[in-house]
Amino acid sequence: LTYPVVKADAPEAQQRINMVIEDDVKAFMQEIDAARVAGKPPAAKMSYEITKSSDELLSLKTEQFISEESAAHPMSYAHGYIFRLSDGKALTLDDVQQLLDRKKQAERYTLESLNKRLVETKEGAAKDFKKLETTPKDIYMDANGHIHVLIQRYEAASYTAGILDIDLDA
């Protein structure tokens with residue numbers, strides 16, 4: 001499994017960031033261990049990508065894949081993070097709304113706006129997405145500064161729709 005270990009100028013921020021990442025890694029390792037205990041030896045992989053880095057923010061995305069022996073299909077997950085480097089806080093969409101450069105378009109970063117995007121039909125896009133009841137925690141910022149929301153399989157659509165990556169600034 002490959003995952004980042006973040007180095008930051010502020011030791012408390014560094015510790016806070018790494019604890020968030022380590023918690024997700026531990027949860028994934030528990031899923032791997034549960035498959036082993038159940039007698040279904042899994043193939044598993046975890047990787048990461050730094051999607052944006054500045055003096056104030058660090059954003060990254062992790063991808064996890066697990067395929068259990070004799071399972072109907074493999075499972076994959078993607079997690080997104082935007083960390084504030086001054087204190088290590090993992091930002092939420094509510095926090096993004098409060099960023100100085102985002103306040104003018106804060107309505108883009110709400111659950112209501114996200115749900116509208118999910119249910120609007122686009123040519124060639126999958127249909128029958130269901131509205132989310134809670135705001136997804138997996139967000140990241142791409143190289144162009146766009147905020148993305150990651151929605152896991154089954155949360156808003158079928159397995160075949162895959163992990164949804166919605167650019168809220170598009």
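L150 stands opposite D165 in strand 6. The model is a predicted one, in which local features need pLDDT of at least 70 and side-chain atom pairs count only at pLDDT 80 or more, whereas totals for chains, interfaces and linings use all residues. Residues are numbered from 1 along each chain as its sequence is written, and side-chain values use heavy atoms, with hydrogens and water left out.

Strand 5 (residues 147-151) and strand 6 are joined by four bridges in the antiparallel sense. Strands here are DSSP runs of E with at least two residues, and helices are runs of H or I with at least four, numbered from the N terminus; two strands pair if DSSP finds at least two bridges between them. Strands in the order 4-5-6 make up an open, antiparallel sheet of three strands. Its edges are strand 4 (139-141) and strand 6 (164-167), each of which pairs on one side only. From one strand to the next, the twist averages 25°. Helix 3 (residues 111-119) packs on this sheet and touches strand 5 and strand 6, its direction making about 115° with that of strand 6. Contact means heavy atoms within 4.5 Å; axes are lines fitted to C-alpha atoms, for helices over the stretch in contact, and angles run from 0 to 180 degrees between N-to-C directions.

Another open sheet has three strands in the order 1-2-3, with antiparallel pairing. Strand 1 (42-53) and strand 3 (75-84) are the edge strands, each pairing on one side only. The twist in this sheet averages 15° from one strand to the next. Eleven bridges connect strand 1 with strand 2 (residues 57-68), and the two run antiparallel. K52 has S59 in strand 2 as its bridge partner.

K52 also belongs to the lining of the second largest pocket, together with S54, E56, L57, R84, L99, L100, D101, R102 and M141. A pocket is an open set of points on a 1 Å grid over the protein atoms alone, where a 1.4 Å probe fits, with protein on both sides within 12 Å along at least five of seven lines; lining residues have an atom within 4 Å of a point. The volume of this pocket is about 160 Å³, taken as the space filled by probe spheres set on the points, which are joined across faces, edges and corners. Its lining comprises four nonpolar, one polar and five charged residues.

N18 lies in helix 1 (residues 11-37). N18 counts as buried because its relative accessibility is 9%, the limit for buried being under 20% relative accessible area (1.4 Å probe, protein chains only). Apart from neighbours within four places in sequence, N18 is in contact with P4, V5 and V6.

Definitions and conventions:
Nonpolar A, V, L, I, M, F, W, Y, C, P; charged D, E, K, R; others polar. Buried < 20%, exposed > 50% of the residue type's maximum accessible area, 1.4 Å probe, protein only.
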